[in-house]
Amino acid sequence: METTADATELRPSPPSQKPPRTRHRGVFRYPAVRQLARFTGVGVVCTASSLAIYALLRPWIDPQLANAVALIVTSLMNTALNRRLTFKITGKNNRTRDHLSGVMVIAVALVITGGSLGVLHLIRPEATVTEELWTTTLSGFVATAVRFTLLRHWIFRRARHV
């Protein structure tokens with residue numbers, strides 16, 4: 001038979017379905033900083049891939065075309081990685097739309113990096129592949145800032161606070 005003391009005893013509550021939220025410290029308590037850190041990691045991988053593709057293609061094709069091919073090839077990988085890792089979006093909902101929007105953002109990057117190559121060849125028509133790589137890398141930093149802003153505030157705005 002259950003006594004009053006047994007009936008009023010504090011029992012542990014059943015485990016909750018959701019894991020406890022991680023508390024971030026320092027600057028990582030801001031979602032934009034966490035996203036920027038993850039975006040940077042994805043960017044390093046994609047930039048290295050893009051530069052490798054450019055360097056492999058450049059001896060055989062025009063610098064503008066090599067730049068375009070490298071950016072287009074890595075854009076799908078970049079959007080997929082940023083969707084999953086940077087903005088924590090999983091599943092098939094809006095995936096096609098996200099990738100199409102990502103292609104538009106890559107077009108902006110292509111204008112920035114292609115424009116910088118055009119200026120380089122205007123100033124130095126005899127530019128080497130190394131100089132072209134430096135030019136696309138440095139202008140790629142500007143394109144990356146624009147890309148992060150567009151991804152965060154336009155394409156993946158539904159996940160700004162992760």
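Colleague: Why is tyrosine 30 called partly exposed?

Modeller: Its relative accessibility is 43%. Buried means under 20% relative accessible area, exposed means over 50%, and partly exposed lies in between, with a 1.4 Å probe and protein chains only. Tyrosine 30 therefore counts as partly exposed. You will find tyrosine 30 in the loop between α1 (4–8) and α2. This is a predicted model, where local features need pLDDT of at least 70, side-chain atom pairs count only at pLDDT 80 or more, and totals for chains, interfaces and linings use all residues. Residues are numbered from 1 along each chain as its sequence is written, and side-chain values use heavy atoms, with hydrogens and water left out.

Colleague: And what makes arginine 147 buried or exposed?

Modeller: Arginine 147 has 6% relative accessibility, so by that scale arginine 147 counts as buried. This arginine 147 is in helix α5. Its C-alpha atom is separated by 10.0 Å from that of phenylalanine 39, 108 residues apart along the chain.

Colleague: Which residues lie nearest the centre of the largest pocket?

Modeller: Gly43, Cys46, Thr47, Gly140 and Thr144 do, out of 26 lining residues. α2 (31–57), α3 (63–86), α4 (95–123) and α5 (129–155) each supply at least two residues of this lining, and the largest share, nine residues, comes from α2.

Colleague: How many of the lining residues are nonpolar, polar and charged?

Modeller: The lining of the largest pocket divides into eleven nonpolar residues, 14 polar and one charged.

Technical notes: On a 1 Å grid over the protein atoms alone, a cavity is a set of points where a 1.4 Å probe fits but cannot get out, and a pocket is an open set with protein on both sides within 12 Å along at least five of seven lines; lining residues have an atom within 4 Å of a point. Helices (H or I, at least four residues) and strands (E, at least two) are DSSP runs, numbered from the N terminus. Ala, Val, Leu, Ile, Met, Phe, Trp, Tyr, Cys and Pro count as nonpolar, Asp, Glu, Lys and Arg as charged, and the others, Gly among them, as polar.
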